[in-house]
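User: Could you walk me through some charged side chains here? I'd like the cut-offs along the way.

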Amino acid sequence: MRKSTKLALAFVALAGAVGSAAYADEHSGGGPRQGMMMRLDKALNDNDGTITFDQFSETMNARLKKMVADNGGKLTVAQLADALEKARFEQMAKRIIDRYDTKGDGTLTTDDITSRQKKGFAMLDKNNDGKIEKKELPKRGGFGRHRQWDGGGSEGDDSMQ
């Protein structure tokens with residue numbers, strides 16, 4: 001494969017990763033591939049079903065080009081890593097706010113957290129006695145992604161005993 005082709009493919013992969021991380025920051029759900037496909041679908045719809053290279057480049061690289069421009073025309077590994085990390089943590093923070101925000105005002109308060117904890121506690125307190133007993137804890141695979149909580153595993157596993 002020619003060097004220019006390899007460079008072009010590497011650039012497209014990098015741009016897709018950066019663009020997808022930034023897109024995911026605004027649109028939760030899916031992974032980098034889904035974000036890339038959504039941007040391409042939008043570009044196809046905006047351009048009568050076809051995309052030129054310039055349109056493809058703008059679709060895939062708008063945020064990357066802005067980052068390069070904002071950093072004096074050069075982007076270091078550290079700057080790119082910082083941008084990717086920031087996008088990832090902002091997405092995580094948005095999901096947490098969305099999950100806990102009981103008033104829908106985009107903020108997180110102690111009351112929001114307590115309300116969510118009360119719901120979780122009530123779900124686990126099956127006999128409504130105000131206490132969670134070992135037998136009320138979910139078995140393997142029964143509560144989120146946690147491992148078995150009934151203490152039935154062997155020593156050295158991740159079971160809570």
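Predicted model: local features only at pLDDT ≥ 70, side-chain atom pairs only at ≥ 80, totals over all residues.

User: Which helix is the place of Lys 119 in?

Analyst: Residues are numbered from 1 along each chain as its sequence is written, and side-chain values use heavy atoms, without hydrogens and water. Helices are DSSP runs (H or I, at least four residues), numbered from the N terminus. Lys 119 lies in helix H5.

User: Over which ring does the charged end of Arg 116 sit?

Analyst: The rule asks for CZ of Arg, or NZ of Lys, within 6 Å of the ring centre and within 35 degrees of the ring normal. Arg 116 has its charged end 5.3 Å from the centre of the ring of Tyr 100.

User: Which residue meets Lys 42 in a salt bridge?

Analyst: A salt bridge takes a side-chain nitrogen of Lys or Arg within 4 Å of a carboxyl oxygen of Asp or Glu. The two partners are about one helical turn apart because they are four residues apart in helix H2 (residues 32-46). At 2.8 Å, N to O, the partner of Lys 42 is Asp 46.

User: How many salt bridges are there by this rule?

Analyst: The pair of Lys 42 and Asp 46 is a salt bridge. By this rule, the count is six.

How values were computed:
Helix = DSSP H or I, 4+ residues; strand = E, 2+ residues; numbered from the N terminus.
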